[in-house]
Each structure stands twice: as structure tokens, then as C-alpha cells.
Amino acid sequence: MSTARIQEANGHAAEETNFLGSFLKKVTISTSNGKLTLPQIIIIGVISVFILLTPQMLSNYRLNLVISILTTAYFAQCWNLMSGYTGQFSFGHAAFYGIGAYTSSILFVDFGINPWIGLICGMMVSGIVAALIGYLSFHYNLKGDYFALATMAFCEIFRVIFKNTKALHAASGVSIPFSKKFALMQFGSKAGFLYVAFIMLTMITFGLYKIRRTKMGLYFVAVRENEDAARALGINAFKYKMIALIASAMLSAVGGTFYAQYYLYIDPTICFGNTVSISAITPCIIGGVGTVFGPIIGAAIIKPISEITNSALSNFVGMNMVVYGLILVIVIMVMPKGVIGLVQELRVKMGKKKKTEG
Amino acid sequence: MNAFFQASIDGVLMGGVYALAALGISLIFGVMKITNFAHGALITVGMYVTFELYVLLGITPYVALPLVMVTMFVIGYLVQKVFLNPLMGVAGHNQLLLTQGLAIVIENAILVMFSANYQSVSVPGFETAIRLGSITINKPKLVAFLFVAIIAAGIYVLLEKTDLGRAIRATSVQPEGATLMGIVVPRINQIAFGLGIVCAGVAGALLTPTQYIYPTSGNTYSLKCFVIAVFGGLGNIWGAILAGLIIGVVESFSALWLGGSWSELIVYMIFILTLIIKPTGLLGKKG
């Protein structure tokens, strides 16, 4: 910093303290906001019970859709933990997902290691890879577009490695033998998978909800809103970005293993393709980035639409993805804060109306 | 020794096309600070426009080039006007996501319209290669390289010697200042985006004689072009050209020594090293 800038900074010291004060207030408010009210808890309860009853009501085909909504929401929550809360937009989250899927599958198929142990191993490997990526990215201060491109490149590196290494089954992918044993992490029926997916989603969502009310959650949001200001307040931005990334990566790996165990087949494109990374981002954008329930709302909107357009326009291959992309574009242009942001805005407007009327 | 020369020539010729596409990315980023994730999809659009002109009018990609350029410019101009101008000045990740969304739309719209079948364009007289001793030079690639040189020179002249170019450069340095000087910034943005997309489209058109055309054929180049644009220094046009040639040669040599499928890995490694060591790129100012 040049002396002129230092002098300027000194001159505005009072102003700066003010700024930091209001910054602190803003961050605190944003974390204390969104405490669940009783009606909200009731709604969540009713939806949960409904989801848990779906195996009794729906055909296998429909159950598939419910499971894919739950798993998409889960993966989106993983992305949300890191990118939504700390503001570091990852475009390569497929890397962690794929590592999770591949670690458990290869350990099981080639080495006969139980998928439950493979799941833990996948989480560890994914966490280590995330630590490496995070260290390189955050230590060298990659932000915004550069960080997005770096995560994308890391993900592509994994795709190329897995596609070209014979020991990792190369392009032909891994097939996991079918069984019905819980001990082999296959839950018998679609209903079994549905319950497990539901538990995974509930746990991560509860975790995200709780974290927002802790000091760490406060630090995450502070880093997202203004990293320099957060640093000025003594928050170790590097540390909290690393924590978020590693936690997010380890949880994504669980999603990957679940996918492999459910569909029983993985290949480099299914695991590390760009569409996989996008599939984690889109629900967050639609529902609201950095909110607790946004990714779930987003997944519950985009997955059925995608499914309906897919079957209704099955004569036009690709049309469902056109719709998918258009929804993404329209949401970003019309309601960049997602469904939750829109609802909040409407509420503020309604509140104002009521006040003027009263 | 022959393999060495062969790989160098192939690398430089291919690098030229990379350079042109990356130049488009750099130009767009330089003026609007937008990372255009739809660039790969628009390369594909360039290919299909060329292909359609070939089928409908029976003209070769080289004759079709001016028409391709006009079409791509209009597409780019409209994309900026309709989708990106309203987002100028909001958080950067929205633009990133928007271009990503557009990429999904474009790619799949092509799939709907043209199906996933592989198409190709044949150019009479250009199927054979030029032989120099034991070295062969692929004719379409050589011609493509010459066109790239002409178009890059054209863009240089446009940016450095004309009023429009001055307005574009002014906007890239300081949009507010440019506005005060009476420059209509949104219009300049549209023109700059249009020019960037022309680069993508022309690169696509020039690839058609040597590459199959299918809905995701431009994607192969998408991340590679970002690698080149960042390696050369985002926003730096000469950097993009230099980096394009370097990456072309590096890729060609790593394909020679490690096999084609691993060459991508080397390219991405270079990218990550660039981001870590000097994110402003080869010719960028110090960060």
C-alpha cells in the first residue's frame, strides 16, 4: 500500500469503523434471521410425512423421481454449504461427487471392501483432494471467475485421469454387482433408498440450519459478504473457506457413493461431467443461494419439470435440457435471489401495504 | 527429428485456431469482465451455420466465412443486448451462471434441430495434404491458420486505428469515464460481445473441414480456450494469440510423447499453474 493510500485510510478511520460496525450488524442480522416459525415447522413436518408415505402411494417409476429430487437436493445442499454460505462459487463439485462414487465402487468391485467402509474412504479421499484444491486456490487467493475456472479445470483433470487409466476401469466405467443386502449398502427396494436419501437430506439440512446460528456460520457469511471487512475484523478467511470446502467435499462424496449404489453403474462422464457440477448449482439458484431451504425448493421445482418435459417431448431429444437451461436463465434474470428471495420481497411489500392501510 | 517438426507444425496450425477462439474470450472479458461460458456452444453454432450454408447453398466454408461472421455478430450482439446488458453491474457470478445457462440452451437446441448425428463438410481440392519431404501439412489447417492471421490483424486494426476501437478500449478501461465522454456503453458492449462471438464462430467454421460436426463438438474447445485466454492474460489480445500458439504446440508434443488422451491433462496443469503463479497471465500486468 502506498503512503498516500495509508494516509487516506487513516483519514477515513472513523468512517471505516462505522462501516465495519454496520457490516457486523448486517451479518449478524442475516444469521439470526430465518428462525423457523411454528407454521413453517408444521409445513416441513407435513411434507416429510408425505415423502415418507410415498412408497405406499406411488409406482416405482414415480418413486424414482422422488428419490432423484431428494438426492439432487442433497448434492445441492453440499454445494450450498460451501458456495452459498462462503460465496466461493465452485463449478467443479462433480470432482468430489465422482471421487466418492469411484472410491467406494472400486474398493468394492476390485478389492472386495464393504461399501460402508468404502463410503468412509471416499469421504477421506475427497476431503484430502478438497484440502489440496482449497489450499492451492485460497492460498493464492483465487476468487470469482478465476476460482470457478480453477474448480472446473480440477474436475476435468479427474475426468481425464479416470477416463484414461486402466486400473481405474478407464472409459468403460464400473458396474457394481446387484444384491439386496443392507450390509452391502443396497437397501432392498426403492423405498429403502428413498428413506436413506431422506435421512441424508434431513441431516445435511438440519446441519446447515444449525450452523447458521453458530459463530462459524457467522464467519462464513462474513467472508461471503465482504472478505476484506471480515479479515479486518480478525476472521481467518482462509481457514473458514477451507473448512467449508472440505466439509462440502466430504458430504458430496457421500452423495456420489449413494448414486453408485443406487444405479449400480458409474463412468467418468456420469461422475465428473460438467452437467453433474451444474446439477448441484441449479437447484440453489432457483431456490435461493445461501438459504437453508432454497436448494430443496429448487430441486423440487427443477426435477419434476425436467422429468415432465422429458416424457412429454420425448420425440425431441434435448428439449428437456433446453427447458432446463431456459429456467436457469430466466431465474437469474428475473429473480436472482431465487424463490425464497422473491417470497421475502413480496412479504416486505405486503407488510408495507398493510401498514399504509392500517 | 521429422516427428519433432511434424508435431511443431501441427501444433502451430492448431494453435492458431485456438488463439482465435480464445481471443474472443479475452476481448469479451477485457471489455465487460464477463467470463463467457457459452463460448464453446457458440463455436458449435459457427460450425452448424457453416454446415447449413454448405448444404443449402453448396458453398465451401471459406466462401461462407463472411456470412458466418455476419450471423455470429448478430447473435452475439443480441445475446448481449437481451441477456447480459440487464445484468451489467450486478454480482459477477450471475453473469457466469447466465452464460452457462445459455450454453445449455444453445447446445440442446442444436441437438433438437439437427439431432446428434455426426455431420461433415468436404471441401473439393482440400482433401489432400501438402508434402514437404517426409513432413505433411494438412491443407485445411494451413488455410485456417492464414484466415486466423487475417482476422486477428483485422481485429487489431479495428481496435487500434478506428474510432469504434477507441470507444471499445475506453469502455474496457473505465465504463463510467467512457459514458462521460459520450460513448454509449451498452451499445459498445453489444458490439464487443458480437466481435468476440465472431471469433468463436469463425474458429468453428474453420474447423469444419477437419472435424466432425455434432451438438457438443465445440465443448471440447471451451475450457481449452479459457486456459489459453487466462494463460495469455485475460483481456490481452496479443497474449491470447501467443498463448494459443504455445498451447497448440504443447498439446501436439504431449500427444506425441504421452498419447493424445493425456495431452488435455498437461493443458489443464498449465492452467492451474498459471492461476497459482501468475493469474494475470503471460502478457498481463503484474497482479
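**Note on the two-chain model**

Chain A and chain B bury about 3400 Å² between them, 82% of it on carbon and sulfur atoms. Buried area here is the accessible area (1.4 Å probe) that two parts lose on being put together, summed over both.

1. Basis of the note. This is a predicted model, in which local features need pLDDT of at least 70 and side-chain atom pairs count only at pLDDT 80 or more, while totals for chains, interfaces and linings use all residues. Residues are numbered from 1 along each chain as its sequence is written, chains are lettered from A in the order in which they are written, and side-chain values use heavy atoms, with hydrogens and water left out.

2. Extent of the interface. On the chain A side, 38 residues are in contact with 37 residues of chain B; contact means heavy atoms within 4.5 Å. By kind, the 38 residues of chain A are described under point 4.

3. The rule finds 1 salt bridge between chain A and chain B, a salt bridge being a side-chain nitrogen of Lys or Arg within 4 Å of a carboxyl oxygen of Asp or Glu. B:Glu264 and A:Arg159 form a salt bridge through their side chains, at 3.9 Å from N to O.

4. Elements on the chain A side. Helix H7 (144-164), helix H13 (274-287) and helix H15 (319-334) of chain A are the elements that give two or more residues to the side touching chain B. H7(A) gives the most, with 14 residues. The residues on this side divide into 30 nonpolar, 5 polar and 3 charged. In this division Ala, Val, Leu, Ile, Met, Phe, Trp, Tyr, Cys and Pro count as nonpolar, Asp, Glu, Lys and Arg as charged, and the others, Gly among them, as polar.

5. Chain A as a whole. Chain A has 16 helices and 2 strands; helices (H or I, at least four residues) and strands (E, at least two) are DSSP runs, numbered from the N terminus. The C-alpha trace of chain A spans about 70 × 55 × 40 Å along its principal axes. Buried residues make up 48% of the 358 residues in chain A, where buried means under 20% relative accessible area, exposed over 50%, and partly exposed in between (1.4 Å probe, protein chains only). Among contacts in chain A between residues at least 6 apart in sequence, 78% join residues at least 24 apart.

6. A:Thr282. This residue is in helix H13 of chain A and is buried, with a relative accessible area of 0%. The side chain of A:Thr282 makes a polar contact with that of A:Tyr324, at 3.1 Å. Neighbours within four places in sequence aside, A:Thr282 is in contact with A:Ile302, A:Tyr324 and A:Leu328.

7. B:Ile266, in helix H11 (residues 260-277), counts as partly exposed at 27% relative accessibility. Its contacts, leaving aside neighbours within four places in sequence, are B:Val250, B:Ser254 and B:Leu258. B:Ser8 lies in helix H1 (residues 2-32) and counts as buried at 19% relative accessibility. Not counting residues up to four places away in sequence, B:Ser8 touches B:Val249, B:Ser252 and B:Phe253.

Note on methods
A polar contact is a pair of N or O atoms within 3.5 Å; within protein, one must be able to donate a hydrogen and the other to accept it, and residues adjacent in sequence count only if both atoms are side-chain atoms.
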